[in-house]
Amino acid sequence: MFLLSFQQTRITVATYVEHFQDIFAWDLNIGTLDGFNPELGWIRYDLRKLYHIHRTYELKRKRLQSLASKKPSIKKILKKYSMRERNEVRDFTHKLTTEISKKYADYIHAFEDLHKEAMLNDSREHNRIIKKSNWKTIVKLMSYKSSIMLIDPRNTTKRCSRCSEINNINGEIYECKKCSLKINRHLNAAVNIYMDAKRLKPSIETFRELTKNIKNLLEPTIIDVKL
Ligand SMILES: [Zn+2]
């Protein structure tokens, strides 16, 4: 009898099927989930609803928290809010991951191995937003429904997917100071994740081949807003 841990099973499965299945690379962000595959192009899912759920309950709780010490009944309401928030997040993340797993069933889905805690910094505003992400939940649910692969997140955002130069990012458009590539920052990250998953080295030829089905590097090929 074979007893494999979750980690071992995932790696074994991913290595074995690598030759038959292509990779779908996903860049997880606060407002969007951006997917890339050379044949299908750049696919975007809107995640703003997820942020909105957290924000709504955050505000509801804030209004009541100052009164909680005086009125024991308020604690009950706060608990109810937390439960509702959790349920709404669970519904959304389940819908999203089921949709992706069904629609793109033939692919291995590559995600960055993100640790929310490591992404926190000195900015309260930045941290407030990061804490509202449900990246781990999305990746975990995807691992139940599909084959997944986890990629080292180092430089996937800052590296140029055409010439591998490391650039600083300002805003939505990634601009490479070495090769002058202009590309949406999330697409750049998703192409990098794809290349890391396939162990491809960035080059002008590779980039041209991978993005030949993408007409505009600044606008998603498909935006999925049904969720
Ligand atoms: Zn470049």
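Strands β3 and β8 run parallel and are joined by 3 bridges. Within this pair, Y45 has D224 in β8 as its bridge partner. The model is predicted. The pair belongs to an open sheet of 6 strands, ordered β5-β4-β1-β2-β3-β8.

**The sheet as a whole**
- Pairing in this sheet is mixed.
- Its edge strands are β5, residues 147-151, and β8, residues 222-224.
- Each of these edge strands pairs on one side only.
- On average, neighbouring strands of the sheet are turned by 25° against each other, with direction ignored.

**The β2-β3 hairpin**
- Strand β2 covers residues 32-37, and strand β3 covers residues 41-46.
- The two strands run antiparallel, with 6 bridges joining them.
- They form a hairpin, and 3 residues lie between them.
- G35 stands opposite I43 in β3.
- β3 also pairs with β8, this time in parallel.

**The β4-β5 side**
- Strand β4 spans residues 108-112.
- β4 and β5 run parallel, and 5 bridges join them.
- In the strand order, β4 sits between β5 and β1.

**The helix across the sheet**
- Helix α5 is formed by residues 135-145.
- This helix lies across β1, β4 and β5.

Definitions and conventions:
Residues are numbered from 1 along each chain as its sequence is written. This is a predicted model: local features need pLDDT of at least 70, side-chain atom pairs count only at pLDDT 80 or more; totals for chains, interfaces and linings use all residues. Two strands pair if DSSP finds at least two bridges between them. Helices (H or I, at least four residues) and strands (E, at least two) are DSSP runs, numbered from the N terminus. Axes are lines fitted to C-alpha atoms, for helices over the stretch in contact, and angles run from 0 to 180 degrees between N-to-C directions. Two residues are in contact if their C-beta atoms, placed from the backbone, lie within 7 Å.
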